[in-house]
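Biologist: Please walk me through this one in plain words. I'm new to reading structures.

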Amino acid sequence: MANNASAIKRHKQSEVRRVHNKSVKSAARTCAKKYTLAVIEKNAESAVTLLKELAHQLDSAARKGIITKNAAARKKSRMQKLYNVTFSQK
């Protein structure tokens, strides 16, 4: 446990940041689940809008430093690949 005022303050600040970061990550994961469900159900127009929203969520999290830039790019790429494989079959 923190022993002085500055350590107590830093602990409070880190707890606030942790809760905020957790909510941002959770929102991105929820968006990803909705997107994959739309792709599985073969709902193309819903999948397109959810893909755009997911890309925005991931870019926002990367910009804030919650996830790395490469992780965001990798996840966007995989989701786009899932869309392409599912909806471009002839």
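Biologist: What does Lys-76 count as, going by its relative accessibility?
Modeller: Lys-76 counts as partly exposed, because its relative accessibility is 28%. Buried means under 20% relative accessible area and exposed over 50%, with partly exposed in between (1.4 Å probe, protein chains only). Do keep in mind that this is a predicted model: local features need pLDDT of at least 70, side-chain atom pairs count only at pLDDT 80 or more, and totals for chains, interfaces and linings use all residues. Residues are numbered from 1 along each chain as its sequence is written, and side-chain values use heavy atoms, leaving out hydrogens and water.

Biologist: Which residue does Lys-76 form a salt bridge with?
Modeller: Its partner is Asp-59, and the closest N and O atoms of the pair are 2.8 Å apart. Lys-76 sits in helix H3 and Asp-59 in helix H2, so the pair ties together parts that are 17 residues apart in sequence. A salt bridge here is a side-chain nitrogen of Lys or Arg within 4 Å of a carboxyl oxygen of Asp or Glu. Helices are DSSP runs (H or I, at least four residues), numbered from the N terminus.

Biologist: And what about Asp-59 at 31% relative accessibility?
Modeller: Asp-59 is partly exposed at that value.

Biologist: Which residues of H1 are buried, then?
Modeller: They are Val-24, Ala-28, Cys-31, Ala-32, Tyr-35, Ala-38 and Val-39. These buried residues pack against H2 and H3.

Biologist: Let's pick Ala-32. What does it touch, apart from its neighbours in sequence?
Modeller: Setting aside neighbours within four places in sequence, Ala-32 is in contact with Leu-54 and Met-79. Contact means heavy atoms within 4.5 Å. Ala-32 counts as buried because its relative accessible area is 16%. Ala-32 lies in H1, which covers residues 5-40.

Biologist: How far is Ala-32 from Val-85 in space?
Modeller: They are 17 Å apart, C-alpha to C-alpha, and 53 residues apart in sequence.

Biologist: New topic: which residues line the largest pocket?
Modeller: Ala-32 turns up again, along with Lys-25, Ala-28, Arg-29, Leu-54, Leu-58, Ala-61, Ile-67, Lys-75 and Met-79. A pocket is an open set of points on a 1 Å grid over the protein atoms alone where a 1.4 Å probe fits, with protein on both sides within 12 Å along at least five of seven lines; lining residues have an atom within 4 Å of a point.

Biologist: Which helix gives the largest share of that lining?
Modeller: H1 does, with 4 residues. H1, H2 (44-63) and H3 (69-87) each supply at least two.

Biologist: Last one: where does Lys-42 lie?
Modeller: Lys-42 lies in the loop between H1 and H2. Its phi is near 60°, a positive value in a residue other than glycine. Most residues other than glycine have a negative phi.

Biologist: Is Lys-42 buried or exposed?
Modeller: Lys-42 is exposed, as its relative accessible area is 55%.
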